[in-house]
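Biologist: I'm new to this one. Can you put it up and walk me through it?

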Amino acid sequence: MANKRTDISLKSRFITDTAPLIGILAVITVIATFILYPKLIISKPSYEIGEVADRDIKAPRDLLIEDKEATRKKQEQAADAVLTVYDNDKSLADSLAEKIRQAFSLPRAVYEANAQVAERSEPPVQMDAVENRILELKPEFEDKLGIAVNKGAYQILQREHFSSEIPARIIQILAKILDNGIVGNKELLLREAGKGIILKTVGSQIERKIQDFRHFYGLDQAKSMVRTTGETLLKDLDYSLSNLIVDFTQRLIRPNITLNRSETQRRQEKAQASIKPTLYKIKKGEMILREGERVTPTHMLKLEALKNQSGKNELLKKGMGTALIILALLTITYFIHLKYQSELLLYQNKNLCFIGFVVILILLILQLSVSLTQVLAPQAPFAISEESIYYSIPIAAGAMTLCQFLGYSIAFPFAIVMGLLTAMAFENSYGFCLYFLLNGVVGAYWCRSCKESKGFIQAGAKLGALNMVLATVVSIYMADFSGIKLFWDWTFAFAGGVIAGIITAGVIPLIEMAFGYRTNSTLLELANLDKPLLRRLMLEAPGTYHHSVIVGSMVEAAASEIGANPVLAKVCGYYHDIGKLKNPLYFIENQKDGKNIHNKLAPSMSCLILISHIKNGVELARQKKLGNEIIDAIRQHHGTTLITYFYEKAKRQKKEACINIDNFRYPGPKPQTRETALVMLADVVEAASRSLEHPTPSRIQGLVQQLINKLFSDNQLDECPLTLADLHKIAKSFNKILNGIYHHRVEYPEPKSEKLTPEQPRGKNGDSDRQPPEPIPTINGSNTESSPSSLKRLGQS
């Protein structure tokens, strides 16, 4: 038993506490995001070339696919168009000339030094010593010159004393040949014929395009041109010296035009990189791979593009953005509107869980409908566009269902939020956002007062007609309203309204069982006086039954006057005292023969017995699953009022200092809703009206005013949303009902000749069963109006 009470306590705390609010909003946001973007948790199967596809794959959006082969060919063409770069080293002639001069200057300096000694009339150095010194310089000479010199050639140079004329002739021939240009591999150069090359000067940024390069010498050709050129320049020299100069020149000559492979490759890579990929477009909805087809390289190319362009990173970014938008919508809607709605606040967390459930359910229906449409629309025997079928999605069922349980003030912002969320599923389509937003708002409005399944179907039919108008407006806005398409738009739009009504009618009983809500149709069933619990009340506690029926009638009429729920108020009035079934004879209205059991009990015990009917009623209501609204009415219909009779009795029996007034108060809480407050007022007024002697309209009005003033002054109505204007309307309604019950009856005249026998006691109006009630103090209007907390002229026209 203790565990059960703990479970009930935890459940009640979750339903009413505000702490879980953030968690509820976060859970709704996460689940809604995954529904809108299922690919975040469900990955598509990957295929290999040669495998057979197990399902159709369509492009979810326009895709750009790179034709890698075409791109490669363009890159190759761009690379081929790049001109080969050759370096032209114009400084080569100067560097070779410098080497030649330095080489010849070494041995010549020896000869010149010996000649200077001779000119100074000093004894000259022996020639053998000079020649030996010249021979010693041969390795250094070869090193400086860069070529090997045989003995015979060296002797010729010795004979000429390494004359400066020799290097001058060599340099002259080299300069002339190099000035024409020498290429290392002319055969390779000639392959560029017709295309040209880029000739870049080494050590500078100067470059020029060369189309005709046949005049360039190859290395062998350059060596042969040395002899030809030397014939003219060396004709005045002897043969041996001429041959030596030619030989030296041929061996010293180097190519001054060389291929720059690295620069050429760099330019080719740059040209390739400048080529943009060759793309072709796959339209949204185009079939990429059909079920049963064997996967080809072309399919793989498209699938790879689909994977890359719908990659995890992009999808994750979209999912995070969607989650933030949903969270912002829910949070702003709650703090700006829902937070101040009395229908939501009483069981805030429970109601938010219910709203979240409806959001998730509608989004699931949306995604399932979209997926089925994309699969079935291409296979339809008629040419039906997917957009036409989308009009039949019953998004309005969510707002219509919510309106039945939480009222239109909650369903209205819900319809707006669902319209915005639906637009996300259709890639932010303004047309579909407008369509689903308006049909949700109007659908909820039309099913506000529906009590039977037929009413929901009728509301769905009216909504279908509205959908046809909205579909036409959206089609015109999108400039897509051909005749046949408009026909299908109307057909599916009307079907969408009817389906929404059918879903609402079918899902309401399931939600009632799952969340413990009560709709007007269910409340009407509970209001049937043939219900077992009410029949038991009639048989076991007839006084309480009669009192409850009158209270039900009073609160129903008053609820209609102030705009509360009259059906809920009436049912709460019928069941508010079912706790008296446990000990019916302890309550004055069920006692017989004028015997009052409380005369033999202590006031504190009597008080506990009276208070226990609240607890007993709550337990019985839970056992019979009457619903939270009725349980609240049972628990709150006495508020924290004082049981005055037994409190005063206790004060008379004991000293006043020993009495704790809180022990003689009902535990509460005070009424939280208008319907529960009406039950409190009607319960007090109806019970007190029975003790009125001669209940004239003025006495009834004074009684109603006094009792409402008393409850108002006792702050019992502080926590419910009743206004002073509402209290005025309630008093007028109570006056009307009670005047109808206690209206004056006509006295029927008795025949003068007829005399009463002892078996016929005289009763007023000929009614022998009525016994006069105990008189209560006369209600003085001046006394009630003189109270500072009273409401003057309450219930008067």
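Modeller: One term to start with: pLDDT is the predictor's confidence in each residue, on a scale from 0 to 100. Over residues 1-16 pLDDT stays under 50, and the model has 11 contacts beyond four places in sequence for that stretch. Contact here means heavy atoms within 4.5 Å.

Biologist: What should I know about how the values were made?

Modeller: This is a predicted model, where local features need pLDDT of at least 70 and side-chain atom pairs count only at pLDDT 80 or more, while totals for chains, interfaces and linings use all residues. Residues are numbered from 1 along each chain as its sequence is written, and side-chain values use heavy atoms, with hydrogens and water left out.

Biologist: Which other stretch has pLDDT under 50?

Modeller: Residues 753-789, with 26 contacts beyond four places in sequence in the model. Over the chain the average pLDDT is 82, and 86% of the residues score at least 70.

Biologist: How many helices and strands are there?

Modeller: The chain has 33 helices and 10 strands. Those are DSSP runs numbered from the N terminus: helices are H or I with at least four residues, strands are E with at least two.

Biologist: And what percentage is buried?

Modeller: 43% of the 797 residues. Buried means under 20% relative accessible area, exposed means over 50%, and partly exposed is in between, with a 1.4 Å probe and protein chains only.

Biologist: What about contacts along the sequence?

Modeller: Take the contacts between residues at least 6 apart in sequence: 78% of them join residues at least 24 apart.

Biologist: Let's talk cores. Which residues have the most contacts inside the largest nonpolar core?

Modeller: Phe-354, Ile-355, Leu-363, Leu-402 and Leu-421, in a core of 70 residues. Helix α16 (residues 348-376) gives the most to this core, with 10 residues. A nonpolar core is a set of buried Ala, Val, Leu, Ile, Met, Phe, Trp, Tyr and Cys residues joined through side-chain atoms within 4.5 Å.

Biologist: What does Phe-354 touch?

Modeller: Beyond its neighbours within four places in sequence, Phe-354 is in contact with Thr-401, Leu-402, Phe-405, Leu-406, Ile-511, Phe-515 and Tyr-517. Apart from that core lies another of 55 residues, Leu-568, Ile-578, Val-679 and Phe-734 among them.

Biologist: New topic: which residues of α12 are buried?

Modeller: Glu-263, Thr-264 and Ala-271. Looking down the axis of α12, the buried residues fall within an arc of 100°, so they line one face of the helix. The arc is that of the directions from the helix axis to the C-beta atoms.

Biologist: What do they pack against, and what's on the face turned away?

Modeller: The buried residues of α12 pack against α3 (68-81), β3 (84-88) and β8 (257-259). Arg-261, Ser-262 and Ala-273 are exposed on the face turned away.

Biologist: Now α29. Which residues are buried there?

Modeller: In α29 (residues 644-653), Phe-646, Tyr-647, Lys-649 and Ala-650 are buried. They cover an arc of only 160° around the axis, which puts them on the same side of α29. Exposed Tyr-645 and Arg-652 sit on the face turned away, and α27 is included in what covers the buried residues.

Biologist: Where is Ser-606, and is it buried or exposed?

Modeller: Ser-606 is in helix α27 (residues 603-623). Ser-606 counts as buried because its relative accessibility is 0%. Leaving aside neighbours within four places in sequence, Ser-606 is in contact with His-598, Leu-601 and Phe-646.
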